[in-house]
Amino acid sequence: MSNDAIDSGRRTWIGIACGAGALGTVATAVPFVSSFSPSERAKAAGAPVEVDISAIRAGEMATVEWRGKPVWIMRRTPEQIASLKKTDALVADPDSKRKPDELTPEYARNEHRSRKPELLVAVGICTHLGCSPSAKLEAGPQPSLPDDWQGGFLCPCHGSLFDLAGRVYKNKPAPDNLEVPPYMYLSDGRLLIGEDKKA
Ligand code: FES
């Protein structure tokens with residue numbers, strides 16, 4: 001997992017900024033990509049990314065890069081999975097019915113938005129204007145969050161909130177849930193991100 005980073009929720013995706021800043025990042029990314037090795041270029045262009053998830057413990061999250069985007073992989077605890085029942089009523093699209101072809105593959109159109117309940121795989125880019133939300137995985141009252149916070153993600157740019165399945169809270173600027181990329185399990189400990197069918 002060479003480019004991967006495991007943390008407990010404090011990592012942010014460097015290089016994706018709010019508003020006009022995001023445009024600058026995209027523009028400068030092009031020459032950078034051309035200096036990659038052939039395999040790195042293929043990866044940047046969209047090749048699937050294989051990830052060893054065996055070291056991600058319950059409650060931890062890793063970030064990997066796929067198509068130049070941060071993809072979060074989080075192993076939810078049983079309590080965190082149970083919290084999704086509580087946030088059902090708070091989120092705008094609990095069953096991921098909006099833009100399903102774009103945002104939620106069929107196998108993730110469920111309460112936990114994932115193939116296996118414990119593992120969240122989601123693109124860490126806010127569906128409002130493209131900032132990277134911060135992980136706020138601890139439940140309970142804290143600054144900028146509701147008192148009954150169950151754990152999830154806060155977009156610092158305009159305050160959108162997402163639960164631990166990447167479902168956007170109601171009445172927030174972000175219109176949609178976070179994107180779930182195509183992915184599949186190669187084994188219990190290995191994921192392939194960017195592809196969900198065997199060739
Ligand atoms: S970019 Fe505006 S709330 Fe996330």
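User: In helix 3 (residues 78–87), which residues are buried, and what makes them count as buried?

Analyst: They are Gln-80, Ser-83, Leu-84 and Thr-87. Buried means under 20% relative accessible area, exposed over 50%, and partly exposed in between, with a 1.4 Å probe and protein chains only. A helix here is a DSSP run of H or I with at least four residues, a strand is a run of E with at least two, and both are numbered from the N terminus. This is a predicted model, where local features need pLDDT of at least 70, side-chain atom pairs count only at 80 or more, and totals for chains, interfaces and linings use all residues. Residues are numbered from 1 along each chain as its sequence is written, and side-chain values use heavy atoms, leaving out hydrogens and water.

User: What covers the buried residues of helix 3?

Analyst: The cover includes strand 4, going by contact, meaning heavy atoms within 4.5 Å. Strand 4 spans residues 69–75 and holds Pro-70.

User: Why is Pro-70 called buried?

Analyst: Its relative accessible area is 0%, and the cut-off is under 20%, so Pro-70 is buried. The C-alpha atoms of Pro-70 and Gly-124 are separated by 5.5 Å, though the two residues are 54 apart along the chain.
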